[in-house]
Amino acid sequence: MKTISLFCLGVCLTVAAPLAAQQHPSIVTANALKFLNTPYVAHTLEQEPEQLIIRCNEVDCIILVEYVMALTLSGESDCRAHTAAFADRLRQIRYRNGEVNGYASRLHYVAEWIENGVKAGFIEDITAAHSPHTQTLRLNFMSTHPDSYRQLRNNPAETARMAETEKRLSGQVIHWLPKEELPDEGLSWIQDGDILALTTQADGLDVSHMGIAVYIGDELRLLHASSQKEKVVIEDVPLRQTLANNKGWTGMRVLRLIL
């Protein structure tokens, strides 16, 4: 097993990748490590009118992944620089077809977030090529719980737009990996720096958490913005155990940036 040294923010990590994985430190992982210990803050995008918001000193799970992706795809090194290239990439990642047009134009469901990235040519769904397990999407959580979202509460027009998106996505068949099939050491087809979308058993949702794959020693770990630990961390147990500890997570979809 090949051992890789990564140096980021003055912290030296030793990361091991499976034989089939890439042979050099993942630039995605290197960018993700820059956010270690960044505070977890929920609802930072919930402002009106809808606009592209960049706040690199606070993240939730999907915002962390979006910032890391935007840094990697734009070739920038510092999220705080707020360059035009970084902002443009972030807009393409976060909004349908890269266009900000109200709350419903943001890619709230990860299924559509993935679909948008695949269509735009910067994401590859690795799971489809390696896992035979499928599920049919049944999405309706946001339109059936409008009071849980400030922009949907007392806004039937925007709720209707959200329901249209849910209807379009529902019925699609996607591939996923059940958590019972993931060993401590990970799998040869999951690379350091891959994006992990953790699937959920919650009715009306597809994914409830996101993070980045990191190999440390002989284990696959999760780098993510943790609401429980209130900051960005690398879990100190294998991803298999992290998934097992959360009964609401059923498995994952594995995605890879196209560079």
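**Exercise 1: the nonpolar cores**

Leaving aside residues up to four places away in sequence, M69 touches I93, W113, F122, I123, I195 and L257, where contact means heavy atoms within 4.5 Å. This is a predicted model, in which local features need pLDDT of at least 70 and side-chain atom pairs count only at pLDDT 80 or more, while totals for chains, interfaces and linings use all residues. Residues are numbered from 1 along each chain as its sequence is written, and side-chain values use heavy atoms, with hydrogens and water left out.

Task: find which residues have the most contacts inside the largest nonpolar core.

Solution. Begin with the term: a nonpolar core is a set of buried (under 20% relative accessible area, 1.4 Å probe, protein chains only) Ala, Val, Leu, Ile, Met, Phe, Trp, Tyr and Cys residues joined through side-chain atoms within 4.5 Å. The largest such core holds 42 residues, and Y67, M69, W113, M210 and L223 have the most contacts inside it. Next, ask which element contributes most: α2 does, with 10 residues. Finally, a second, separate core has 17 residues, including I126, W189, I190 and Y215.

**Exercise 2: the residue classes of a lining**

Task: state how the residues lining the largest pocket divide into nonpolar, polar and charged.

Solution. First sort by class: Ala, Val, Leu, Ile, Met, Phe, Trp, Tyr, Cys and Pro count as nonpolar, Asp, Glu, Lys and Arg as charged, and the others, Gly among them, as polar. The lining of the largest pocket then divides into 17 nonpolar, eight polar and eight charged residues.

How values were computed. Buried means under 20% relative accessible area, exposed over 50%, partly exposed in between (1.4 Å probe, protein chains only). Helices (H or I, at least four residues) and strands (E, at least two) are DSSP runs, numbered from the N terminus.
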